[in-house]
Amino acid sequence: MGAKQSRASSNDKDPRRFLVGKRQKFSSWDDTLLLGKDPRSLLKHGMRHVSFSLVTKGMTDIPDFLWGLLEVQKLNLSHNQLRVLPPEVGRLTRIVVLNLCGNCLKSLPREVSLLQSLKVLFLNMNCLAEVPAELSLCRDLEVLSMSHNCLSQLPASFADLSKLRKLNLSNNCFAHIPLCVFSLKALDFLHVGCNRLENIAESIQCLASLQIFIAESNNIHSFPRSLCLVTSLELLNLNNNDIQTLPDELYLLCRLGRIAWNPMDKGLHISHNPLSKPLPELVEGGLEMLYSYLKDKKHN
């Protein structure tokens, strides 16, 4: 009897006792990463969030003990070799920031919809060809970055992400900006550079809060007049496209401030386009000279 009680007491102290299901055999990653420690001892308690990080560990699978850390709010699993995000991720309902950059993920489970506190999601540098429509149920999402994947479309339901402010779709396979994007009224940052775009839809004018729009390194043939109605723009990058003319209404974008040459600078980025004369010389002369020419052209 005493021996049984002793064994029971020992089991109660096992830091992995809260793992999901009744699985008895743990993955090698559990033992390698824990080294006999209580998983909660690896948590970092900051001023605002409880964080957990397993960056550049060479992991191919997520360790089982993670699904018992229900208090985690910021989870960083970036730059590993993860191929699958298990449905158990839906148990971590307090997550606010989830970083899965630099892995080998080809899909996401529908259970991401259970992450109702999620505000920031990084999925850059994976192998995603699609994302589940259920992600749109994360209605508090404010930042979504999915650059360097294999995406060519987004679910129509993404239009419901009414709080989304920053969206990065660069370095994918989009032939056009997904229609759902134009419903994201809170969007102030949109990056669609390095895709296969040939035009920018007139619906871009619906994004009245947009401050930064990057569409460099595509095959865009024309600068739409509707883009001139997005007067909140402070950075507009259309470098490395196939634009030959500029709309007379360009001067309406008064917040651009200048012609920009440094990628990080605010202003109008329009270099490496086959602009027709006299536009190249005017661009060299600065934004004020360019705007003055376009105004005169419009009124004459």
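Glu 249 is buried in this predicted model, its relative accessible area being 17%. Because the limit for burial is set at under 20%, Glu 249 falls within the buried class.

Strand S10 itself spans residues 235-237 and includes Asn 237. With a relative accessibility of 3%, Asn 237 is classed as buried. Leaving aside residues up to four places away in sequence, Asn 237 is in contact with Phe 213, Ile 214, Ala 215, Glu 216 and His 269.

In total, ten salt bridges are present in the structure. Side chains of opposite charge can pair when their charged atoms come close. One of the salt bridges joins Arg 165 to Glu 142, the closest N and O atoms lying 3.6 Å apart. This pair links distant parts of the chain, 23 residues apart: Arg 165 is in the loop between strand S6 (143-145) and strand S7 (166-168), and Glu 142 is in the loop between strand S5 (120-122) and S6. Both partners are partly exposed, Arg 165 at 29% relative accessibility and Glu 142 at 23%.

Arg 165 also forms a salt bridge with Asp 188, at an N to O distance of 3.6 Å. Since Arg 165 occupies the loop between S6 and S7 while Asp 188 occupies the loop between S7 and strand S8 (189-191), this pair ties together parts that are 23 residues apart in sequence. Asp 188 is buried, at 15% relative accessible area, whereas Arg 165 is partly exposed at 29%. The two salt bridges of Arg 165 described here, to Glu 142 and to Asp 188, belong to a network of salt bridges in which Glu 142, Arg 165, Lys 166 and Asp 188 are linked.

Notes
Residues are numbered from 1 along each chain as its sequence is written. This is a predicted model: local features need pLDDT of at least 70, side-chain atom pairs count only at pLDDT 80 or more; totals for chains, interfaces and linings use all residues. Side-chain values use heavy atoms; hydrogens and water are left out. Helices (H or I, at least four residues) and strands (E, at least two) are DSSP runs, numbered from the N terminus. Buried means under 20% relative accessible area, exposed over 50%, partly exposed in between (1.4 Å probe, protein chains only). Contact means heavy atoms within 4.5 Å. A salt bridge is a side-chain nitrogen of Lys or Arg within 4 Å of a carboxyl oxygen of Asp or Glu.
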